[in-house]
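Subject: Structure handover

Dear colleague,

Here is the structure I said I would pass on. My notes on it follow below.

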Amino acid sequence: MSSSDDEYEIAVVGGGPAGLTTALYGARLGHETVLIDRGGGRAAMMADTHNVIGVTEDTSGNEFLATGREQVESYGGTFERGFVTDVERTDDDRFRLSTNDAEILADRVVLGTGFSDERPDPPLPRTGKGLHYCLHCDAYMFVDEPVYVMGHGEAAAHVAMIMLNVTDDVDVLTRGAEPTWSEETAAQLEAHPVDVVREEVSGVENDPDSGWLEALEFEDGTRREYRGGFAMYGSDYNTALAEGLGCDLNDDGTIDVDDHGRTSEDGVFAVGDITPGHNQVPVAMGQGAKAGLAIHKEIREFPRSTEEIEADGPVDADEVPAIPPHLMATAVAHEGHAGGPRAKGVEVEDGEVPAADDD
């Protein structure tokens with residue numbers, strides 16, 4: 001590995017829960033790791049964090065992500081704020097990542113670029129206070145409350161029926177569009193107590209104090225009370241980098257990966273909402289952990305194979321440990337180190353321990 005600050009073993013593109021967890025595992029397992037994030041994303045939009053054990057409900061998405069970045073850096077990972085415009089494979093089978101103002105080389109690249117929800121046209125309730133996108137995250141808030149589902153496709157019809165598990169007052173709002181769900185789904189929907197409202201929304205009423213949705217107004221002059229609902233118009237997956245690298249995509253636009261995030265291209269991994277499965281913070285974190293472990297097993301120095309030992313001889317004592325000096329210095333100064341944080345100035349393998357409050 002080169003000593004250049006712009007060369008890493010692992011480069012993670014995207015700082016959501018999946019990318020952060022991958023970078024965390026990379027740094028803690030002793031690999032030079034950089035996390036490149038442009039900011040924003042679906043997790044950053046969360047007003048409150050739900051369904052994440054150990055994280056309280058009053059934690060915002062931005063607070064959750066900021067803590068994650070601090071953790072990655074505390075273990076020696078590098079955080080870069082930037083937008084990756086291109087990734088290409090080099091002649092020596094590494095990866096060159098181009099950002100707005102820099103180039104980075106890495107042995108492995110992890111794509112955690114996620115997707116954007118398709119937003120319906122205004123007028124709309126406030127996001128997070130009446131307009132929601134994650135059924136499994138937010139359905140709990142609407143137990144025994146009137147709920148809408150915006151959309152005219154399969155997803156909208158099925159989400160409306162699913163919401164009957166928590167409330168008896170559910171409407172599908174097609175907003176003037178003709179339903180595009182199948183005949184089978186239409187038959188299902190007709191057999192459930194769900195109203196299909198075809199008129200376009202003309203106005204939104206919010207509580208003046210809390211900002212939460214109270215009702216929607218329609219072009220035919222009617223008014224319906226709702227406490228919130230879900231927009232189901234599809235997703236725009238951020239796959240440009242994956243496509244540029246030649247990664248296979250699935251029919252739904254996600255990146256095709258194995259159980260540990262490996263794509264069809266060697267050395268390229270993908271995690272989080274850009275891959276198939278439930279779009280949930282804990283799921284994304286699990287995917288990031290599995291990818292981090294898989295990469296570690298691919299690039300760690302030891303154990304050396306019998307073939308390598310036959311070719312190069314046994315491992316020499318001065319070759320161990322394999323952890324880079326600056327990561328070793330960070331590790332032994334960390335408050336979680338088994339021997340307790342070592343004092344500043346203690347020498348370690350070509351490095352010096354930073355002060356405990358500098359890690």
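Which residue forms a salt bridge with Glu88? In this predicted model, the partner is Arg96, and the closest N and O atoms of the two side chains are 3.3 Å apart. Glu88 has a relative accessible area of 37% and is therefore partly exposed. Arg96 also falls in the partly exposed class, because its relative accessible area is 27%.

Before the other details, the overall picture. The protein chain has 359 residues, and buried residues make up 43% of them. Its secondary structure comes to nine helices and 19 strands. The C-alpha trace spans about 80 × 40 × 35 Å along its principal axes.

Salt bridges

Side chains of opposite charge can pair when their charged atoms come close. The structure holds 23 salt bridges, and I describe a few of them here.

Arg81 and Asp37 meet through their side chains in a salt bridge, with an N to O distance of 3.0 Å. The pair links distant parts of the chain: Arg81 belongs to strand S3 (residues 78–81), Asp37 to strand S2 (residues 33–37), and they are 44 residues apart. Asp37 has a relative accessible area of 8%, so it is buried. Arg81, at 47% relative accessibility, counts as partly exposed.

A further salt bridge joins the side chains of Asp107 and Arg94, at 2.9 Å from N to O. Asp107 lies in strand S6 (residues 103–111) and Arg94 in the loop between S4 and S5, so this pair ties together parts that are 13 residues apart in sequence. Arg94 counts as buried because its relative accessibility is 14%, and the cut-off is under 20%.

There is also a network of salt bridges, which links Glu145, Glu205, Arg223, Glu225 and Arg227.

Negative patch

Asp48, Glu57, Asp58 and Glu63 gather on the surface in a patch of negative charge. Of these, Glu63 has its place in helix H2 (residues 61–74). Its relative accessibility is 44%, so Glu63 counts as partly exposed.

Aromatic pairs

The count of aromatic pairs comes to four. One of them is formed by Phe142 and Trp212, with 6.3 Å centre to centre and 70° between the planes, an edge-to-face arrangement. This pair links distant parts of the chain, 70 residues apart. Phe142 is in the loop between helix H3 (135–138) and strand S9 (147–150), and Trp212 is in the loop between strand S12 (201–206) and strand S13 (213–218).

Is Phe142 buried or exposed? At 2% relative accessibility, Phe142 counts as buried. Trp212 counts as partly exposed, because its relative accessibility is 26%. Ring pairs also bring in Phe230, so that Phe142, Trp212 and Phe230 are linked into a cluster.

Backbone

The peptide bond from Pro122 to Pro123 is cis, with omega near 5°. Pro123 has its place in the loop between strand S7 (115–117) and strand S8 (131–132). A cis peptide bond also joins Phe302 and Pro303, where omega is about 5°. Pro303 lies in the loop between helix H7 (281–299) and helix H8 (306–312).

Positive phi values occur at Asp93 and at Asp144. Asp93 is not a glycine, yet its phi is about 65°. This residue lies in the loop between strand S4 (86–89) and strand S5 (95–98). At 47% relative accessibility, Asp93 counts as partly exposed.

Asp144 is not a glycine either, and its phi is about 60°. Asp144 is found in the loop between H3 and S9, the loop that also holds Phe142. With a relative accessible area of 61%, Asp144 is exposed.

Regards

Technical notes. Residues numbered from 1 in each chain as written. Heavy atoms only, no water. Patch = residues over 30% accessible without salt bridge, like charges linked within 9 Å, V, L, I, M, F, W, Y side chains within 5 Å. Areas by Shrake-Rupley, 256 points an atom, 1.4 Å probe, with all protein chains shown as cover. Salt bridge = Lys/Arg side-chain N within 4 Å of Asp/Glu carboxyl O. Lys, Arg positive; Asp, Glu negative; His and termini not counted. Charge placed at Lys NZ, Arg CZ, Asp CG, Glu CD. Helix = DSSP H or I, 4+ residues; strand = E, 2+ residues; numbered from the N terminus. Buried < 20%, exposed > 50% of the residue type's maximum accessible area, 1.4 Å probe, protein only. Phe/Tyr/Trp six-rings, centres within 6.5 Å; stacked < 30°, edge-to-face > 60°.
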